[in-house]
Amino acid sequence: MDLREATSADSERIRSVAQRSLAESYTHFLDDETIDEAAGNWYGDDLEDAIEREHEVYVVAEDDGETVGFSQSELVGENHSVGRIEWIHVDPDHRGSGIGPRLLARTRETLLDAGAEQIQGVVLEANEVGNEFYATHGFDRVGSRELEVGDETHTENVYVESDHDDDAWRALETIEDDGQTRYVSYGEPARGSKAPFYTVYANEGASKRYGWFCGNCDSLDNAMDSMGRIVCNSCDNRRKATRWDASYL
């Protein structure tokens, strides 16, 4: 899995994912015509320009060269100090594989690097899955606002990242390993040669570290040596040593 900031060349693939995602998530309270109109308004002819604007951030997730999800955010407020996540879209065929939490973690990191002092997320009130996503990944609902979708007005909930020590921020996703539930923390990445490695915990409270999850091939079969080097035994993704190895000085 590769996550990166989008360029205008990604616009057509972003449109496709957005259309499929909207249709999957909102047909229970929006008709097809309204969804098509909304997709056209939000991801229309000016999408290429929007991707390149200074205070807008698009992050795409790719799997084997295929765009499987993206996030859309902007820096707003005084001095552009608020990073607002407008959308996290995942292609319906790829949901349930941890792409959403990975996009959230990378988007948060990108917004903070761009100068954001607070991270917000917004989601339509009728999207129960979207609201649960933010509530279970360290965000508190602080209010709501009205949003025009087609000819109708809908309520959009506003979430703000909870106050906590930044080092402790986690976006946990459950996986099964030999019949046991493990918890992948996409908020704690370690840079690898092909994709990040993510910390894995043995318990939901994240107090007992279990190992590492390879972001390139989704494998738990990884080994770390005393120097902090990590090697994925499935795809040879690697992280270099975390400090100087005295034997080579």
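A: R239 lies over the face of W212, 5.4 Å from the ring centre. A charge is counted as over a ring if NZ of Lys or CZ of Arg is within 6 Å of the ring centre and within 35 degrees of the ring normal. R182 is placed over the face of Y210, with 4.0 Å to the ring centre.

The model is a predicted one, in which local features need pLDDT of at least 70 and side-chain atom pairs count only at pLDDT 80 or more, while totals for chains, interfaces and linings use all residues. Residues are numbered from 1 along each chain as its sequence is written, and side-chain values use heavy atoms, with hydrogens and water left out.

Rings of Phe, Tyr and Trp (its six-membered ring) pair if their centres lie within 6.5 Å; planes under 30 degrees apart are stacked, over 60 edge-to-face, and the rest tilted. One of the pairs is Y26 with W87, which is edge-to-face, with 6.1 Å between centres and 90 degrees between planes. This pair links distant parts of the chain, as Y26 is in helix α1 (residues 11-26) and W87 in strand β4, 61 residues apart. Helices (H or I, at least four residues) and strands (E, at least two) are DSSP runs numbered from the N terminus. Y26 and W87 are both buried; buried means under 20% relative accessible area, exposed over 50%, and partly exposed in between, with a 1.4 Å probe and protein chains only.

Y186 and F213 make another edge-to-face pair, 6.3 Å centre to centre with 85 degrees between the planes. Y186 belongs to strand β9 (residues 180-190) and F213 to strand β11 (residues 209-214), so the pair ties together parts 27 residues apart in sequence. Both Y186 and F213 are buried. Y26 and W87 also belong to one aromatic cluster, together with F29 and W42.

Now the cysteines. A disulfide is a covalent bond between the sulfur atoms of two cysteines. Here it is counted when two cysteine sulfur atoms are within 2.5 Å, and the structure holds zero. C217 is in no disulfide, and its nearest cysteine sulfur, that of C232, is 3.5 Å away. C217 counts as partly exposed because its relative accessibility is 30%. For C235, the closest cysteine sulfur is in C217, at 3.6 Å, which is too far for a bond. C235 counts as buried because its relative accessibility is 16%.
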